[in-house]
Each structure stands twice: as C-alpha cells, then as structure tokens.
Amino acid sequence: MSTLAHVFEEAGIATVALGSIGAHIQGTAPPRGLWCEFPLGRPLGKPNDADFQHRVLAHAFGLLRSPEPVVEKFAESITDDGTETMSCELPPRHDPSLHPAVDEANGLRPAYDRAVAKLGNRTGAGRTVSADDIPAAVQSFINVAEGTPWKEAGIPGIPARVAQDIRGYYETAALALAEHAPAAWAGARWFFTSTEAGRAILAARKSMADAGEKHPIWFYITPGDM
C-alpha cells in the first residue's frame with residue numbers, strides 16, 4: 001500500500017494511508033499515514049457509527065495539508081479482547097446422507113443470498129470459489145481431514161484462498177441470520193469454533209501440517225493462530 005502511495009504521489013496524486021498496526025505503518029513510511037489502533041478488519045473503527053467514522057476520515061484527509069511526510073496516530077483506540085464470537089443459530093440438518101459440514105453449507109445458501117441481495121457480495125464467496133461451488137469445496141477439506149493428500153482432495157485452488165471463500169460465504173450468511181454487525185474477528189471465531197465447515201478446515205490444516213506439507217500451504221488456511 002505504501003509503495004503504491006509513493007507511485008501515486010510521484011504522479012501528482014495526493015494520498016493518505018490508514019494502518020491498524022503502528023510498526024507496519026511506521027516501517028513502510030507512506031507519504032502521509034494515519035495509524036488507527038483498531039482491530040484488523042475494521043479500518044474505520046466502529047460499524048454503523050457514522051460519527052466515529054467521519055472523525056477518522058476527517059483526521060485522515062487533514063493530513064493532506066502537510067507538505068512533508070507525516071504519520072500520526074488517531075486519538076481514539078478500540079481493542080478486541082479476542083473472546084467475542086458472533087451469536088448465530090445455524091439451520092437444522094436437511095440431508096443426513098451428506099457430511100454434516102456439506103449439509104450445513106447447503107442449508108446456509110438462502111441466508112447467503114439474502115445477505116448478498118441486501119449488502120452486495122463484498123465479503124462473501126467468489127474470489128476463487130463461487131457460492132454454487134462452496135459445498136464441494138467444503139467436501140475437499142473434509143477429504144484432506146480424512147487423510148487424502150491435499151493435491152488429490154479436489155481443493156479447487158490455493159488452499160488458503162479457497163478456505164477464505166468458504167469463511168466469507170459463512171460470515172456473509174451469518175449477517176442475515178444474526179442481523180447485527182459483529183465485532184472484529186467475531187465472525188471468524190464463530191466460523192472456526194461453531195460450524196462444521198470451520199472445524200473441518202481446522203482438521204484439514206492439522207492433517208496437512210502433520211503430513212509435512214510446506215508451511216505456507218497449510219499455515220495460511222486460517223488467519224493468525226486460530
């Protein structure tokens with residue numbers, strides 16, 4: 001991001017970079033930077049709080065007046081204690097002949113479609129795997145968890161990117177079911193601790209690690225140390 005900011009500045013376009021990690025924004029040295037001590041995934045701080053978001057943007061745009069490189073810290077901080085999860089009731093089983101995770105993914109499709117119709121597909125599936133193909137992608141991780149080498153399991157792309165699309169599908173569907181904006185990473189914690197698909201992906205990740213697969217292949221299937 002900071003590299004692109006320097007490119008834009010050289011072309012005569014003023015920029016401001018927002019960053020959630022102070023060391024990163026200091027180390028990458030954008031022409032103008034605002035360090036916002038917010039949880040990752042919440043660049044403007046508080047969902048559905050327009051006044052707070054406008055204060056962040058006003059501070060950021062105010063940096064455009066600086067003729068010299070500058071990095072400042074936003075005055076208000078928001079912490080994520082790492083414990084809150086989304087409250088969301090999953091649909092009941094529909095087809096007992098399917099693996100519970102695949103049946104679960106199928107059952108969430110109506111909620112996913114409602115959320116996309118209302119919010120747009122900003123965080124859902126589709127970057128690597130379409131919503132139609134999410135159940136099959138979930139099955140591929142089940143295959144890995146059950147011992148199939150990941151390259152033979154049917155994972156339709158880079159494992160981390162496929163897992164991200166599955167998680168995006170679930171978190172988008174959950175927005176329609178929960179009908180509230182979760183705290184940062186609350187949706188991810190809900191996915192990995194409360195859903196069959198999340199548990200299947202965690203099991204696949206462990207299986208890949210135990211099999212000695214290269215670290216980047218399995219480590220980035222989940223964010224951080226989840």
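Predicted model: local features only at pLDDT ≥ 70, side-chain atom pairs only at ≥ 80, totals over all residues.

Biologist: Is I134 buried or exposed?

Modeller: I134 counts as buried, because its relative accessible area is 0% and the cut-off for buried is under 20%.

Biologist: What is I134 in contact with, leaving aside neighbours within four places in sequence?

Modeller: With those neighbours set aside, I134 touches A105, A125, V129, D165, I166 and Y169. Take A105: it is 29 residues away from I134 along the chain, and their C-alpha atoms are 7.1 Å apart.

Biologist: And A105 itself, which helix has it among its buried residues?

Modeller: That's α4, where A101, V102, D103, E104 and A105 are buried.

Biologist: Which helices do the buried residues of α4 pack against?

Modeller: They pack against α5, α6, α7 and α9.

Biologist: OK, zooming out. How many helices and strands does the protein have?

Modeller: There are 10 helices and 3 strands. Going along the sequence, the pattern reads α-β-α-β-α-β-α-α-α-α-α-α-α.

Biologist: How much of the protein counts as buried?

Modeller: 38% of its 226 residues. As for the surface, the protein exposes about 12300 Å², with carbon and sulfur atoms supplying 54% of that.

Biologist: And the contacts with a separation of 6 or more, what share comes from residues 24 or more positions apart?

Modeller: 61% of them.

Biologist: Let's talk core. How many residues are in the largest nonpolar one?

Modeller: It has 39 residues, and V138, F141, I166, Y169 and Y170 have the most contacts inside it. The elements giving two or more residues to this core are α4, α5, α6, α7, α8 and α9.

Biologist: Which of them gives the largest share?

Modeller: α7, with 9 residues. Another core lies apart from this one; it has 9 residues, including L34, F38, L63 and V70.

Biologist: Back to α7, then. How do the axes of α5 and α7 cross?

Modeller: At roughly 80°, and they come within 7 Å. So α5 is roughly perpendicular to α7, given that 65 to 115 degrees is the range for that label.

Biologist: Which residues meet there?

Modeller: From α5 you have R109, A111, Y112, R114, A115, V116 and L119, and from α7 there are Y169, T172, A173, L175, A176 and L177. By class, the contact of α5 with α7 has 10 nonpolar, 1 polar and 2 charged residues.

Biologist: Now α8 and α9. What's the crossing there?

Modeller: Their axes cross at roughly 80° and come within 5 Å. That makes α8 roughly perpendicular to α9. On the α8 side the contact uses F191, F192, T193 and S194, while α9 brings E196, A197, G198, R199, I201 and L202.

Biologist: What's the class breakdown for α8 with α9?

Modeller: 5 nonpolar, 3 polar and 2 charged residues.

Biologist: What does P91 touch, leaving aside neighbours within four places in sequence?

Modeller: G107 and L108. The C-alpha atoms of P91 and L108 are 6.8 Å apart, and the two residues are 17 positions apart along the chain.

Biologist: Last one. Which helix has Q26 in it?

Modeller: Q26 is in helix α2, which covers residues 22-28. Q26 is exposed, with a relative accessible area of 51%. Between Q26 and E72, which are 46 residues apart along the chain, the C-alpha separation is 9.5 Å.

Key
Residues numbered from 1 in each chain as written. Heavy atoms only, no water. Axes fitted to C-alpha atoms, helices over the stretch in contact; angles between N-to-C directions. Helix = DSSP H or I, 4+ residues; strand = E, 2+ residues; numbered from the N terminus. Parallel < 35°, antiparallel > 145°, perpendicular 65-115°, else oblique. Contact = heavy atoms within 4.5 Å. Nonpolar A, V, L, I, M, F, W, Y, C, P; charged D, E, K, R; others polar. Buried < 20%, exposed > 50% of the residue type's maximum accessible area, 1.4 Å probe, protein only. Areas by Shrake-Rupley, 256 points an atom, 1.4 Å probe, with all protein chains shown as cover. Core = buried A, V, L, I, M, F, W, Y, C linked by side-chain atoms within 4.5 Å.
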